[in-house]
Amino acid sequence: MLKKFLSKKKPRKSGDFQQIEAANLDPRGRLIYNVALEAQSDLKEAVLWPDGWTTELEKDGIKVFSRAQRSAPNRLFLSESHFLCSVEDLFDVLYTQMDRVTEWNNSIVEVEMLERFTQHLDLVYTVGVGGGAGLIKSRDFLTLRYWLKERDMFFVVSRSISDPIKPATKYPRGFNGPCGYVFFPALDGSVKLTYVVNVDLKLPFVPQKVITTNLVEVVHDFHIALRNKMDDYVDAKRRTSMYSGNT
């Protein structure tokens, strides 16, 4: 289904909104913007890659897969599930309301919105929880976020960068390779979400099995938490609509 959506993509014209947005940025902003576009391309390649995936978990309507990468030491994780909401609602929670993510996602303990470059690009600082029975300590991340909508499909892309806007803290800094969300309306009326995790925790002495087990659990719990959040979100919208209609 996802491959069908992407295969219909029309070539972009030169002078499209991306070039216009980038042209209005200073050199630092243009550099970060170009990194974001590369990350978007890498995310598309990840979700379309057909070979080498190992099924790690299939539970609660959630599928989690992983595979080795050719150009990075860490494994790549891809997960899928469905949500009873609109793509716009899911975008609102996953992107627009990022500053409230700690209210429902227990894997993130701190978030700071640092800088907005364009309507589609910003920088975010987050701190993630530890795990692995104490072997994996909390880490922080300095991450760009870039979103794009193609027809009914949303891409929300993330990637770590180095930038003086957020110097080193008390936490060791982790690294996110190209990762993020791809979601679109499914034929059954739900929204299908594909979530790609591409994190290098920089733990050479911790067994890969421990890291994989921890990340599979984190990804599964993320889908459950997001499902609960979206149920509450949709219910709140419905109640607000009913109240407005009665006034």
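Me: Two strands pair if DSSP finds at least two bridges between them, a strand being a DSSP run of E of at least two residues and a helix a run of H or I of at least four, both numbered from the N terminus. With that in hand, which residue in β10 stands opposite F77?

Reply: F77 has V197 of β10 across from it. The model is predicted, so local features need pLDDT of at least 70 and side-chain atom pairs count only at pLDDT 80 or more, whereas totals for chains, interfaces and linings use all residues. Residues are numbered from 1 along each chain as its sequence is written, and side-chain values use heavy atoms, with hydrogens and water left out.

Me: How many bridges join β3 to β10, and how many join β3 to β2?

Reply: Strand β10, residues 191-197, is joined to β3 by seven bridges and runs antiparallel to it. Strand β2, residues 62-67, also pairs with β3 in the antiparallel sense, here over five bridges.

Me: Is strand β3 largely enclosed or open?

Reply: A residue is called buried under 20% relative accessible area, exposed over 50% and partly exposed in between (1.4 Å probe, protein chains only). Strand β3, spanning residues 76-83, is largely enclosed by the rest of the structure, because six of its eight residues are buried. S81 belongs to this strand, and because its relative accessible area is 0%, S81 counts as buried.

Me: Which side chain does S81 meet in a polar contact?

Reply: A polar contact is a pair of N or O atoms within 3.5 Å; within protein, one must be able to donate a hydrogen and the other to accept it, and sequence neighbours count only if both atoms are side-chain atoms. The side chain of S81 is joined to that of H223 by such a contact, at 2.6 Å.

Me: How many salt bridges does the structure hold, and which residue pairs with R28?

Reply: A salt bridge is a side-chain nitrogen of Lys or Arg within 4 Å of a carboxyl oxygen of Asp or Glu. The structure holds 15 of them. In one of these, R28 pairs with E115, the closest N and O atoms lying 2.7 Å apart. Because R28 sits in helix α3 (residues 27-48) and E115 in strand β4 (residues 108-116), the pair ties together parts that are 87 residues apart in sequence. R28 is partly exposed at 28% relative accessibility, and E115 is partly exposed as well, at 24%. A network of salt bridges links R28, E115 and D163.

Me: Are K44 and E150 buried or exposed, and at what N to O distance do their side chains meet?

Reply: The side chains of K44 and E150 meet in a salt bridge at 3.1 Å, N to O. This pair connects distant parts of the chain, with K44 in helix α3 and E150 in strand β6 (residues 139-150), 106 residues apart. Both K44 and E150 are buried.

Me: Which residue forms a salt bridge with D140?

Reply: D140 forms a salt bridge with R173, and their closest N and O atoms are 3.1 Å apart. Distant parts of the chain are again linked, since D140 lies in strand β6 while R173 lies in the loop between β7 (153-160) and β8 (175-176), 33 residues apart. D140 counts as buried at 0% relative accessibility, whereas R173 counts as partly exposed at 28%.
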